[in-house]
Amino acid sequence: MSVIIPTYNEAENILQAIDRCLDALADHPSEIIVVDDDSPDGTWRLVERRYDATDHVRVLRREGARGLATAVAYGFAHATADCCAVIDADLQHPPELLPVLVDTVANDVDIAIASRYVSRGGVAVWPWHRRVVSYGATVLARLCIPSARGVADPLSGYFVVRRDLLREATLSPTGYKILLELLTRCDGAQVREVPYVFVDRRNGDSKLSSREYLEYLLHLAKLSYHSHRRVRA
């Protein structure tokens, strides 16, 4: 499995995130691909120094580029395994769930989603306004994108996808919701959700801002247009 970790200023978290991914996947052939958007805090440099002697971890440093979704797509293009995992570097996604997700894909599933909104999933600590924003964004996605209506957590940032499905899709990622892009472009894919509990980051600053919210709305409008045009065709 190729584990793609997009990063920007995650020096406080990235080494622990990689170590936990490697420990979780000790019984699975895997590679870790860190796609770093030229972090000013030197995230990419820390990874290069720590893992210079191993073939299991590599860094793709993107100079002059920034964006979570495009970073993930860049990682997809450089992956070598039969399936790709996407996980955040900030440890809000538990790496220990990776074996469950990859085994789920192995059982004739195209996309295995770590879901906050199925039974036994949840969010550990969130203020009410973040819960409202997350719920509203999820409802909008399910209203606008037909292929997202059967998915409880279509905005999850933690999932595993078969790489041959990626070869069949033409991705045009924007913002930070790459899973929604996949669900739209790969309509008809077999999807299964696996519960997990989302936790707040302990170190570093959140990347969410008003700009990211605006980009999400623009991306949603673009995907909705594509999805409904395909239905009419």
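In which helix is the place of Leu143? I found Leu143 in helix H5, which covers residues 128-144. Helices here are DSSP runs of H or I with at least four residues, strands are E runs of at least two, and both are numbered from the N terminus.

Before going on, I noted that this is a predicted model, where local features need pLDDT of at least 70 and side-chain atom pairs count only at pLDDT 80 or more, while totals for chains, interfaces and linings use all residues. Residues are numbered from 1 along each chain as its sequence is written, and side-chain values use heavy atoms, with hydrogens and water left out.

**Entry: the surface around Leu143**

Is Leu143 buried or exposed? Leu143 has a relative accessible area of 57%, so I wrote it down as exposed. The cut-offs are under 20% for buried, over 50% for exposed and partly exposed in between, with a 1.4 Å probe and protein chains only. Together with Tyr135 and Val139, Leu143 makes a nonpolar surface patch of about 330 Å². Such a patch takes residues with over 30% relative accessible area and no salt bridge, and joins nonpolar side chains (Val, Leu, Ile, Met, Phe, Trp, Tyr) within 5 Å; like charges would be joined within 9 Å. A salt bridge would be a side-chain nitrogen of Lys or Arg within 4 Å of a carboxyl oxygen of Asp or Glu. The areas come from the Shrake-Rupley method with a 1.4 Å probe.

**Entry: strands**

I then followed strand S7 (residues 159-162), which pairs with S4 (residues 83-86) in the antiparallel sense over four bridges. Pairing requires at least two DSSP bridges between two strands. Ala85 stands opposite Val160 of S7. S7 also runs antiparallel to S5 (residues 111-115), joined by three bridges. There, Ile113 has Phe159 of S7 as its bridge partner.

**Entry: cysteines**

How many disulfides are there? I counted zero disulfides, taking one as a pair of cysteine sulfur atoms within 2.5 Å. For Cys83, the nearest cysteine sulfur belongs to Cys84, 7.0 Å away. Cys83 counts as buried because its relative accessibility is 10%. Cys84 is at 0%, so it counts as buried too.

**Entry: the whole protein**

I listed eight helices and nine strands. The radius of gyration is 17 Å, close to the 17 Å of the globule rule for 233 residues, so the protein is as compact as a globular protein of that length. That radius is taken over C-alpha atoms, and the rule is 2.2 Å times the number of residues to the power 0.38. Buried residues make up 52% of the 233.
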